[in-house]
Amino acid sequence: MTKGYLGIDIGSISTKGVIIDENRAIIARSYLWTEGNPTEASKNVVRELERQVEGAGVDIVGAGTTGSARRLVGAMLGASVIKNEITAHAVGTTHLHPDVRTILEIGGQDSKIICVSDGIAVDYAMNTLCAAGTGSFLSSQAHRLGVEVEEFGDIALTSTKPANIAARCTVFAESEVISQLSMETNKCDIINGIHHSVASRVAGLAHRVGVRDQVVMTGGVAQNHGIVKALENQLGHEISTSPLTQYNGALGAALFAYQKALKKQP
């Protein structure tokens with residue numbers, strides 16, 4: 001029987017989950033939309049993870065949670081570890097990228113910059129006051145423009161002339177998107193402008209704490225190539241991503257559960 005460790009990252013837009021084994025390798029993963037119901041989304045993620053390891057002889061001996069609904073879901077699951085997003089993303093990211101020094105994360109409700117030294121988060125900056133630099137803003141604008149959010153970044157990359165979209169706040173940005181639509185601006189240029197607006201907001205946050213290579217972008221928005229490219233242009237640094245970056249928070253939670261279980265062993 002293989003011991004498994006569950007990690008759940010419950011965000012406002014998406015809920016992610018992983019199971020790692022005794023070698024700290026991911027053996028199952030799931031990504032689902034939260035849809036305003038974090039408990040149901042978490043239950044569905046756990047069911048999907050259990051389905052993936054069914055018949056593989058995996059015994060879940062520890063669980064950790066992170067994200068905006070971490071305490072609620074942690075209580076529901078009987079989690080042994082409940083960690084904030086900064087700590088979980090730092091641990092998960094350094095596990096996959098040992099040389100990381102700067103972590104960028106654009107979440108549904110906020111954006112974060114985490115400075116890492118020797119695998120430990122030593123400083124961070126966080127935007128929680130305005131949605132203009134967040135995943136929810138990207139999602140809402142994709143809906144407004146009739147585009148699937150998964151296609152948003154690739155469409156932005158087809159534009160060579162981004163529309164001027166304010167980066168100051170959500171209200172101004174949304175107003176300017178509407179204005180650009182009324183002027184019949186090419187949709188790909190509007191989408192490119194939205195990406196530059198979000199990147200400008202996040203870059204301003206990053207410059208407050210400093211950016212050092214290696215830079216890794218984590219979270220679901222890291223799969224948006226348009227945002228990654230816009231941030232590279234704004235920061236002047238190459239940004240690493242991987243197909244697993246959206247699971248980094250969940251991975252960090254699972255790794256904490258793994259570490260806690262080890263401490264309990266005689």
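Ile120 is found in strand S8. Strands (E, at least two residues) and helices (H or I, at least four) are DSSP runs, numbered from the N terminus. At 55% relative accessibility, Ile120 counts as exposed. Here exposed means over 50% relative accessible area, buried means under 20%, and partly exposed lies in between (1.4 Å probe, protein chains only).

The structure is a predicted model, in which local features need pLDDT of at least 70 and side-chain atom pairs count only at pLDDT 80 or more, while totals for chains, interfaces and linings use all residues. Residues are numbered from 1 along each chain as its sequence is written, and side-chain values use heavy atoms, with hydrogens and water left out.

The chain holds nine helices and 10 strands. Along the principal axes, the C-alpha atoms fill a box of roughly 65 × 35 × 30 Å. Of the 266 residues, 51% are buried. Contact means heavy atoms within 4.5 Å. Among contacts with a separation of 6 or more, 66% join residues 24 or more positions apart.

The chain exposes about 12100 Å². Carbon and sulfur atoms supply 47% of that area. Accessible areas come from the Shrake-Rupley method with a 1.4 Å probe, and for residues only the protein chains shown count as cover. The chain has 23 positive and 26 negative side chains. Lys and Arg count as positive and Asp and Glu as negative, whereas His and the chain ends are not counted. The centres of the two sets lie 7 Å apart, with each charge placed at NZ of Lys, CZ of Arg, CG of Asp or CD of Glu.

Ile10 lies in strand S1, residues 2–10. Ile10 is buried, with a relative accessible area of 0%. Leaving aside neighbours within four places in sequence, Ile10 is in contact with Thr15, Pro38, Ser42, Thr65, Thr66, Gly67, Ser68, Ala69, Arg70 and Val73. Ile10 and Glu85 are 75 residues apart along the chain, and their C-alpha atoms are separated by 9.7 Å.

His195 lies in helix H7, residues 187–209. His195 counts as buried because its relative accessibility is 0%. Not counting residues up to four places away in sequence, its contacts are Leu138, Phe152, Gly153, Ala156, Asn224, Gly226, Ile227 and Ala230.

Asn248 lies in helix H9, residues 248–264. Asn248 too is buried, at 0% relative accessible area. Beyond four places in sequence, Asn248 touches Ala88, His89, Gly92, Thr93, Leu96 and Thr218. Asn248 and Lys260 are 12 residues apart in sequence and 18 Å apart in space, C-alpha to C-alpha.

Lys43 lies in helix H1, residues 38–53. Lys43 is partly exposed, with a relative accessible area of 37%. Its C-alpha atom is separated by 24 Å from that of Gln223, 180 residues apart along the chain.

Cys115 is buried, with a relative accessible area of 3%. Cys188 is buried as well, at 14%. A disulfide is a pair of cysteine sulfur atoms within 2.5 Å. By this rule the count comes to zero disulfides.

Backbone geometry was also considered. Most residues other than glycine have a negative phi, and most peptide bonds are trans. Glu35 has a positive phi of about 55 degrees although it is not a glycine. Glu35 sits in the loop between strand S3 (26–33) and H1. At 70% relative accessibility, Glu35 counts as exposed. Asp118, also a residue other than glycine, has a positive phi near 55 degrees. Its place is the loop between strand S7 (111–117) and strand S8 (120–127). Asp118 counts as exposed, at 76% relative accessibility. The peptide bond from Asp213 to Gln214 is cis, with omega near 5 degrees. Gln214 lies in the loop between H7 and strand S9 (215–218).
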